[in-house]
Amino acid sequence: MDNPDSGDARFDSGSFRDPASRVRWRGDQVERVLTAQGLSDWTALSESGLLEAEHKRLIPTESDIDDALLRHERIPIWTYPYEWSFGMLKAAALLQLELIESALDRGLTLKDATPYNIQFRGVEPVFVDIGSFRRYEQGEPWLAYGQFCRLFLYPLMVQAHAGIPFRPLLRGSLDGIDPEIAQAMLRGNRLKSGVLLDVVMQARAQRKTAGRDVRRELSEAGFRPEMIKANLARLHRIVSGLEWAPAESTWSGYSECAHVGTQREPKADFVRRTAAKKQRVTTWDLGANDGYFSRLVAPHSDWVLAADADELVIDRLFQSLWESETKNVLPIVFDLSDPSPGLGWRGRERKQLDGRGRPDLVLLLAVVHHLVVSGNLPLTEVIDWLRSLSSEVVFEWVPPTDPMARQLALNKRAGEIHVDYDETTLRQAFDDRFDVAAESALDGRILFHLVPR
Amino acid sequence: MIFAYIDPGTGSLLLQAILGGIAGLAVFFKTTGRRLFRRNKNTPVEAETTDA
């Protein structure tokens, strides 16, 4: 954990690339430590008027100039682009482009252009790397254009044009997609907007111009910020036009299934009662599907993480939350049986989900049979993992005799599912780890409110 | 001083002149970027001796 409760400050393991500004934790407080260069960049930013003009899209920040420190508002739930749906990465890309334009208008630019500088508060993207702003130097190009392509544009393009999901690609490389690889994936799409210039030409330029001081060349040839703006406007048009909208996926029709309809109301009652017992800071709804239960608990939790492995389901939830009044639900694409690992330098630059903050309440509704039957996880193992989160849990027990569990087991032979998948084992596993605060039987299934011991 | 802690990639920088509209094109053809359009694809820029 990088946010220990102790008063000692500790650098965040994901913040080391920019020598001018590093993030550290002091208890729950997020601080940014500035060098002389970083302080000069901050002065330029704070005098530019950008903080006021873009205050809704920038992380709220206070400065302590004497100590060369910035203090940022804490982001409630930290997520990464390889957990976002298409619509989320697109929203982040547009925010990034608009911020650079806004910065140029005030004589500033941004050092980098990476989705890791953007976080979501609910469905609202917020730019968090205040250290990325610095003065624009006359004649310089947009240095982060290539990075923008690798981490925003190509991922969106390959998913929109070629149907290749970007998440495994971004999880596979924190630097994003190389132009040559994007070119290979976009073969047959050269006529689509931007592919020829941003992908094919960039791949060619990368091969042919290595080792030149092109910044000096460009500056001497008369490069001007208007040229960056023309490029930004062009990229904004391209990104706005990218769409990914498959008609259906494995789980996209889930809420219309007959068993879901009949079980929802009594289940909702139990969940609502448990959630309403007290106001919580963070609730995780794991296996959230269309977000029905996330919305249900939203009034009783400051923030709700709605996680589901199906991207289409999450993308639709993102769009529907965008248009709704519920502003504290954050949807992510997340597979419990294959969770985001620690990545980057020492495996700590990007953290596992539970290393970024713990929930106060977890909903695990109609999920256990997927983990045990489809994922072949031993039941005790699942309960043990739940306990490791140290939070209260609303757990729905789906017995092996349940029609849905049977359906998942259709193509499994006897002996191919762990023998511990039964209610006796479940209750034994609870005994050592949780107190059962409430339980309610429901058509063969059982709802539990678990409190960690 | 231009400060960059990310490697901006030489090619992507040159390309920006082309992407910067008509005025940008004029800038582009004043740089070594114009060689991107030369036919002998296999000659790397570094190997050429005549500089503008």
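At which residue does H7(A) bend, and by about how many degrees? In this predicted model, H7(A) bends at A:Gln202, by about 30 degrees. The helix is made of 14 residues, numbered 195-208 in chain A, and at 1.5 Å a residue it should span 20 Å, which agrees with the 19 Å found between its end C-alpha atoms.

## What H7 packs against

A:Gln202, where the bend lies, is also one of the buried residues of H7(A), and the others are A:Val195, A:Asp198, A:Val199, A:Met201, A:Ala205 and A:Lys208. Within chain A, the buried residues of this helix pack against helix H4 (145-162) and helix H6 (179-185), while in chain B they pack against helix H1 (10-18).

Strand S14 of chain A, which runs over residues 392-397, is mostly covered, with six of its six residues buried. In a regular strand the side chains alternate between the two faces of the sheet. Here one side of S14(A) carries A:Glu392, A:Val394 and A:Glu396, and the other carries A:Val393, A:Phe395 and A:Trp397, all of them buried, so that both faces are covered.

## The partners of S14

S14(A) pairs with strand S13 (residues 361-364) of chain A in the parallel sense, over four bridges, and in this pairing A:Val393 of S14(A) stands opposite A:Val362. With strand S16 (residues 445-452) of chain A, S14(A) pairs in the antiparallel sense, over five bridges, and there the bridge partner of A:Phe395 is A:Phe448 in S16(A).

Definitions and conventions
Residues numbered from 1 in each chain as written. Chains lettered and ligands numbered in written order. Predicted model: local features only at pLDDT ≥ 70, side-chain atom pairs only at ≥ 80, totals over all residues. Helix = DSSP H or I, 4+ residues; strand = E, 2+ residues; numbered from the N terminus. Expected span 1.5 Å × (residues − 1). Bend = angle between axes of the 7 residues up to and from the residue. Buried ≥ 20, exposed ≤ 12 C-beta atoms within 10 Å, placed from the backbone. Contact = placed C-beta atoms within 7 Å. Pairing = 2+ DSSP bridges.
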